[in-house]
Every structure is written in C-alpha cells, then in structure tokens.
Amino acid sequence: MREFWFRAVLRIAFVALCALIGYAADLLVPALIFACALLLIGSLRDQFEIGRFDRWLNSTGEAELPEGGGQWEFLFAKLARRERNARHQREDLRSRLERMREASRAMPDGTLIMSRDELIEWLNPMAEEHLGLDGRRDIAMPILNLVRQPEFAEYLQSGEYGEPLSMPSPRQPGRTLQLRVVPFGDDQKLLLTRDITQLEKLETMRRDFVANVSHEMKTPLTVIHGFLETLEDALPDLPQEQALSFIRMAQQQSVRMQRLVDDLLTLSALETDTPTPEEQVDMRNLLDIVLVETRALSSGRHTVSLTVDGAPGALLGCARDLRSALGNLASNAVRYTPDGGTLKLDWRVVDGGGEFSVTDNGIGIDAAHIPRLTERFYRVDRGRSRETGGTGLGLAIVKHVLERHQATLQIDSEPGRGSRFTVRFPARRTLTC
Ligand code: ADP
C-alpha cells in the first residue's frame, strides 16, 4: 500500500515538474501534453495488467500468476508468494487427509460419523464390514433405516452413552459387536464399532474354567469334610477298621485333589510364553521310562509292549514336558482299556520326523467326541474318568506340549474296538543316530 501511494505521489510530482519546466521554458502546453501522454500510457498499462490479472483469477486449475511490470511486478510478486503458500498449505492438508484416510482404513475398529439428524456422513471400511453398510451408497442415509436392530435404536436415542452396547452383528451371524457412541462438535456423533466375538469366547472359557475347577475341587473336599465330621462325632464308638477305611478314603480324595492341582500348575506353566528348552532328549531312555510307568499303572492287567523301528535317536525339546505328554497318552490307554487288553507303544522315524503312537483295544471313542477331547475338562464319560483317577486335563496338557514342539496329534478310534493316538514331531526336532 505504501508503494502505491509512493507511486501516486511520484506521478503528481512528475506532472508538477513537467508543468514547472514547461512554464519556465514558456512551453507549458506541450509540457502538459507530454505529461498527460505519459500518464495515459501508464494507465493503459495498468488496464492491461488488470486484464491479465482478471484472466488469471478466472482461470481454473493451478495456472501460474502473470509476472507484471512496474508497480504491478511488486503486487504480483506478493500475490505469487501468497498463492505459493496457499498451495503448499493445500498440499499439506491433502496429504494429511490422505494419511488420516489410510489410518482409518487400517484401523481394526469401525468408525462412523453421523450428523445431528443421525444421517451417515462418513465411515471407514471396518464400520462398513461390521454394520453391513456401503461407504458410497449409504452416505447421507439415516443410520436407523440401515441398522435396524431395536436395541441399537434404543441405545442411539437414549442419549446415554456411558456404557457401550453389545449386540449381534447385523450381517455376520454368530459374531458379536460392541458399539459406543461419542458425541462431538456441533451435535454430531461418532459411532465406534468393535468385533468382540473372540473376547466373549475367551470370557466364556474363563468362566467355564473357573466353574469346572471349583466343581472338581468341591467333590473331593465334600467327601473329606464328611469323613472328618463322622470321625469327629463317632470316633470313640467307631471300630478301628472302619475308622481306618474312612481315613484311607479321605486320603484318596486328597490325592485326587493333589493330582488336579498338579495338572493345573502344569497347564499354567505350559501356557506361559517361556521358550521351550532345546535339550537333546534321548528317546531310548524316554521310551523306557514311559514303558515302565505304563506297566506299573497297569499292574499286570494288560499286555504292554514297546516297538522301536531302527535307532531311536533323540528329540530336541523339553524332557520333562515330553515325558508328561507321552506318559499321559500311555496312561489313558491303560485307564480306558478293560483288564486283559493289549497296549502297544511304537516309535519310528518317518521322512526324518519322529512318530510316537499308543494303540489300545479298549473302549474306543465315538467320532463325535474326538474333535473336543483336547479341551480342558472334556470327558466322554465323566464317571469312568473319575473312577480311574482322571482329572480331565491330560489331553489338554498333551496338546500344549505338542504345540510347543510343533508336533501334531492324530486320534483314530472306534467305539468297542480301541484307539490309536499318534504324535508326529517335525524333522527339525528329530535327531537320528
Ligand atoms: P481324563 O483325565 O478324563 O482321562 P483326558 O484329557 O486325558 O482326561 O482325556 C479326555 C477324555 O478322552 C477322557 O475322559 C476319555 O473319555 C477320552 N479318552 C482319552 N484317551 C482315551 C483312550 N485311550 N480310550 C478311550 N477314551 C479315551
């Protein structure tokens, strides 16, 4: 602006100077004509520059600002600088927006923005998936016309968003969503959606686990408590033989509880993230221990044999866990095979990987139960499992040990004919001599 006034004053001074010189030289009229001509040329030039500037203003896209001359050069330079800054700001904003969009696309949770009238303004792909919406088709549509569960309508209209809402997914049967509304800005609302199916499953498993453990503990505790009460009340009159039998039965129950606690501790240790030790476990030694323990458990009621195909070699892993897993499979075979049955333990190396199997001709398992056998506390026949001292955790322990050794378990069984449990260790864990 100062520049503009400076030039205006300069022009007036120029005309005055021309008039003064003209007057002094007695050439006032020609001097004034000369001055006016120059001013006219200046003003034509101004018009020309204004025209160029106007054309630039009306141009679309990112046309370069004209350069201009004289006082216009200064003005255009200033405008060009401002325009450059604005363009940089626009680009910066665009790239920020793009990054925001990318982040929202990558978000594992759904986000949806709605207006004060509950019309959909924007949503990310996860919200589309969770709510079964289409990011292009459904913009500006009332959300309640598209997500029609009554509990959602009630939650949205209640205005009380302190607690999130859990409801079945409108489009994916069997999945559960958690929705939370967050009011913001000018009466707008942010709807956050999260798939909590897995969380719910874990919570149910946790609840079932606590209920199962309590139940398993309660039975022996009740029995022990009953015996102790009887002994307390009737000890003086109770024949010694009967008192001793009560004590033995109470002891049996405490052994059962001890076994349960041991198995629970084993499971919990297996579930921690501590890496599996990579000891060289001598298979000859391990198989002999399992054989001796199986025979001891059977006490001569079954024919137990061990076959080793070729040199037994070694396994890379945790000796204690492997002994527990293979031992559990062998002890199950004893417990679920009637007296007089046959149990076969086998070890062989197939395609570089170790294969251990336990085959029995016991009661067998109905195919419907097989996929669930490794779940904690899953039993085909609860009574039989308890009678034989089972905790319902044996195969869950086997599963965890095998997972930690990248091994697999295959169960083949036929009710009334017997079962075969086969464990396969990968070649990288099998050392052959
Ligand atoms: P449990 O302590 O009850 O034996 P497990 O986890 O070891 O628990 O086994 C789960 C269930 O699998 C058992 O209750 C039993 O019904 C079945 N089972 C396991 N091994 C055998 C087998 N060799 N023959 C028949 N049933 C078996």
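Which residues of α12 are buried? They are Gly-394, Leu-395, Ala-396, Ile-397, Val-398, His-400, Val-401, Leu-402 and Arg-404. Buried means under 20% relative accessible area, exposed means over 50%, and partly exposed lies in between (1.4 Å probe, protein chains only). This is a predicted model, where local features need pLDDT of at least 70, side-chain atom pairs count only at pLDDT 80 or more, and totals for chains, interfaces and linings use all residues. Residues are numbered from 1 along each chain as its sequence is written, and side-chain values use heavy atoms, with hydrogens and water left out.

**Domains**

- The protein chain is divided into domain 1 (2-94), domain 2 (107-195), domain 3 (199-270) and domain 4 (279-431).
- These bounds come from an automatic or database domain assignment.
- Between the C-alpha centres of domain 1 and domain 4 there are 97 Å.

**Helix α12**

- Helices (H or I, at least four residues) and strands (E, at least two) are DSSP runs, numbered from the N terminus.
- Nine of the eleven residues of α12 are buried, so the helix is largely enclosed by the rest of the structure.
- Its buried residues pack against α8, α10, β11 and β12.
- Just after α12 comes Gln-406, with a positive phi of about 55 degrees.

**Nonpolar cores**

- A nonpolar core is a set of buried Ala, Val, Leu, Ile, Met, Phe, Trp, Tyr and Cys residues joined through side-chain atoms within 4.5 Å.
- The largest such core has 51 residues. Phe-356 and Phe-425 have the most contacts inside it.
- At least two residues of this core come from each of α7 (197-234), α8 (240-271), α9 (283-298), α10 (319-335), β9 (342-350), β10 (353-360), α12 (394-404) and β12 (418-424).
- With eight residues, α8 gives the most to this core.
- Domain 3 (199-270) and domain 4 (279-431) each supply at least three of the core's residues.
- A second, separate core has 19 residues, including Leu-165, Met-167, Leu-177 and Leu-179.
- What does Phe-425 touch, not counting residues up to four places away in sequence? Its contacts (heavy atoms within 4.5 Å) are Leu-315, Leu-322, Trp-347, Gly-353, Gly-354, Leu-402, His-405, Ala-407 and Thr-430.

- Two strands pair if DSSP finds at least two bridges between them.
- Strand β11 (residues 408-414) and β12 run antiparallel, joined by seven bridges.
- Gln-410 stands opposite Thr-422 in β12.
- Three residues separate the two strands of this hairpin. In the turn, Gly-416 has a positive phi of about 85 degrees.

**Cavity and pocket**

- The search uses a 1 Å grid over the protein atoms alone. A cavity is a set of points where a 1.4 Å probe fits but cannot get out. A pocket is an open set with protein on both sides within 12 Å along at least five of seven lines. Lining residues have an atom within 4 Å of a point.
- Grid points are joined across faces, edges and corners, and a volume is the space filled by probe spheres set on the points.
- The structure holds one cavity of 30 Å³ or more. The largest cavity has a volume of about 40 Å³.
- Its lining is made of Glu-216, Pro-220, Arg-256, Met-257, Leu-260, Arg-379, Gly-390 and Thr-391.
- The largest share of that lining, three residues, comes from α8.
- The largest pocket has a volume of about 950 Å³. It is lined by 39 residues, and the closest to its centre are Ser-331, Asn-332, Arg-335, Tyr-336 and Gly-390.
- α10 gives the most to the pocket lining, with eight residues.

- Most residues other than glycine have a negative phi.
- Asp-26 is not a glycine, yet has a positive phi of about 60 degrees. It sits in the loop between α1 (2-24) and α2 (28-58). Asp-26 counts as exposed because its relative accessibility is 71%.
- Asp-187 is not a glycine either, and has a positive phi of about 65 degrees. Its place is the loop between β4 (176-184) and β5 (188-195). At 51% relative accessibility, Asp-187 counts as exposed.
- Asp-366 lies in the loop between β10 and α11. Its relative accessibility is 41%, so Asp-366 counts as partly exposed.
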